[in-house]
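Q: Can you walk me through this structure? I'd like to start with the strands.

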Amino acid sequence: MIEKAIEIYKKMFLIRQFEMILEDYFTKGLLRGTTHSCIGQEAVAVSILDYIDIERDFVTSTHRGHGHFLAITGDVFALASEVMGKRTGVVSGLGGSQHLQHKNFYTNGITGGMIPIGVGIAFAKKLKGEEGIVISFLGDGAMNEGYVMEALNMAKVYDVPIIFVLENNCYAMSSITRNLSGGEFGDRVRSFGLRYVYEEAIDVLNLWQKFGEIYREVLINRSPVFIECRTYRFCGHSKSDKREYVLEEEEDFWREHDPLLLLREKILRNIELDELERQERYVKQGIVDAFKNAEQEEELGVEEFSSKYISA
Ligand SMILES: Cc1ncc(C[n+]2csc(CCOP(=O)(O)OP(=O)(O)O)c2C)c(N)n1
Ligand SMILES: [Mg+2]
C-alpha cells in the first residue's frame, strides 16, 4: 500500500507543480489563450484515472482538464508545449489548454459540453458490444446546463456503461455554487433513477479504493453511475480572478484539509523526509525542464499543418 500511496502522491505533486509553474508562465505572457488550473482538485483525477486503460476506456474532461490529462499520461512536455502553441503539443499547439486529445481522452471548453458526447460514446460502445467504459468529468456549474440533464436522462434510459464524476469545487467562475443551484445535486441525479454516490475528496487513498470498486462494477454491470466528489480549487477560475468571493471559513477548512499535504504526512510515517524531498525535487526539475524545452520549440508551420490535418 505504501508503494501505491507514493505513486499517487507523486502524480498529485506533479499536477500541482505543473499548474503552479504554468501560472508563472501565464503571468509572463508566454502562453497562448487562457488557462484554468486545478490546484486543490488533484485527488479526484489521480484516484479514478488510476484504473482506466486509455486504449479501451474513454475519458471526457472539461475546460479544467490538465490534471486529468497528466494523471493519464504524465506527459508534462506535451502539455507545456500545447499551452504555448508549439508543434510538439498534445494536438500540435492548435487546441491550447481547453482542447486536448490523446488516444481516447477528449476535452472541450463548453461547460458540460462533453457530457452528451460521453453518453454518446458509451451508447456506441453498448451498440457495438465493445469492452471498456466511459468516465465523464463535469463541474458543479455544468449541473445547471439543460443538455447535461438531458444526457443524464439518456444515460439511464439507454443504460450505458458510464461513470459521471462531478467535481464539486464549490465555485462556478466567481459564483458560489450553493447560491446558484437549487436543491441538492444528489436529488436531481436520483430523480433520473441513476445510482448516486457521494465522496469527500480529502482522504485520497480512501477515494482511490472507492473509485476502484465503482470502476470494476461498471466494467462488469455496464450501467451508469454518478459520483459527486466534494473538492476545492485553491486558485482562481482563471489567472485574472482575484478570488474576492471566497468564504473565509471554507477556505480555512480546505487549507487544513489539503488532500496533497494530508497524503504527504501519511507517507512520511513510512519514508524519510530527505528521501521524499529528493523525489519531489526530481519531479519538479522535470517540469521546469519540460517548460524550458517547450519554449524552444516552433509553432506548427502552414505546410506541416496542411499535410497533417487537411487531406487532399
Ligand atoms: C455553455 C457555456 N456557458 C458558459 C461558459 C463560460 N464558463 C466557462 S467555465 C464556467 C464555469 C464552470 O463551472 P463548473 O462547471 O463548476 O467548473 P469549474 O470551473 O468550477 O471547474 C463558465 C460558466 C462556457 N464555457 N460554456
Ligand atoms: Mg465548479
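A: A definition before the strands: two strands count as paired if DSSP finds at least two bridges between them. Keep in mind that this is a predicted model.

Q: OK. Which residue stands opposite Cys-229 in β9?
A: Glu-199 does. The strands behind that are β8 (residues 195–200) and β9, which pair in the parallel sense over 6 bridges.

Q: How does the chain get from β8 to β9?
A: It crosses through helix α9 (residues 204–221), and this β-α-β crossover is right-handed.

Q: What about β5 and β9, parallel or antiparallel?
A: Parallel. Strand β5 (residues 162–168) pairs with β9 over 6 bridges. Phe-164 stands opposite Phe-226 in β9.

Q: Why call β9 largely enclosed?
A: Because 5 of the 6 residues of β9 (residues 225–230) are buried, the strand is largely enclosed by the rest of the structure.

Q: And the loop between α9 and β9, which residue should I look at there?
A: Arg-222 lies in that loop. Its phi is near 60 degrees, a positive value in a residue other than glycine.

Q: How accessible is Arg-222?
A: Partly exposed, with a relative accessible area of 24%.

Q: What is phi of Lys-103?
A: Near 50 degrees, again a positive value in a residue other than glycine. Lys-103 lies in the loop between β2 (101–102) and β3 (105–106). The residue is partly exposed, with a relative accessible area of 41%.

Q: Switching to aromatics. How many aromatic pairs are there in the whole structure?
A: A search finds 15. One of them is Tyr-25 with Phe-291, a tilted pair at 4.6 Å centre to centre, with 40 degrees between the planes.

Q: Which parts does that pair tie together?
A: Tyr-25 lies in helix α1 (residues 2–27) and Phe-291 in helix α12 (residues 273–296), so the contact ties together parts that are 266 residues apart in sequence.

Q: Are those two buried or exposed?
A: Both Tyr-25 and Phe-291 are buried.

Q: What lies over the face of Tyr-25?
A: Lys-28, at 5.3 Å from the ring centre.

Q: Give me another pair. What is the geometry of Tyr-232 and Phe-234?
A: Edge-to-face, at 5.6 Å centre to centre and with 70 degrees between the planes. Tyr-232 is buried, with a relative accessible area of 0%. Phe-234 is also buried, at 8%.

Q: Which residues form a cluster with them?
A: Tyr-171, Tyr-245, Phe-253 and Trp-254 form one aromatic cluster together with Tyr-232 and Phe-234.

Q: Last topic, Asp-57. Where does it lie?
A: In the loop between α2 (42–49) and β1 (58–60).

Q: Is Asp-57 buried or exposed?
A: Buried. Its relative accessibility is 0%, and the cut-off for buried is under 20%.

Q: What lies 2.8 Å from a polar atom of its side chain?
A: The backbone nitrogen of Ile-133.

Q: What else is Asp-57 in contact with?
A: Leaving aside neighbours within four places in sequence, Asp-57 is in contact with Ile-52, Asn-104, Gly-132, Ile-133, Tyr-215 and Leu-219.

Key. Residues numbered from 1 in each chain as written. Chains lettered and ligands numbered in written order. Predicted model: local features only at pLDDT ≥ 70, side-chain atom pairs only at ≥ 80, totals over all residues. Heavy atoms only, no water. Phe/Tyr/Trp six-rings, centres within 6.5 Å; stacked < 30°, edge-to-face > 60°. Helix = DSSP H or I, 4+ residues; strand = E, 2+ residues; numbered from the N terminus. Buried < 20%, exposed > 50% of the residue type's maximum accessible area, 1.4 Å probe, protein only. Lys NZ or Arg CZ within 6 Å of the ring centre and 35° of its normal. Right-handed = clockwise from strand over helix to strand, strands pointing away. Polar contact = N/O pair within 3.5 Å; in protein donor to acceptor, adjacent residues only side chain to side chain. Contact = heavy atoms within 4.5 Å.
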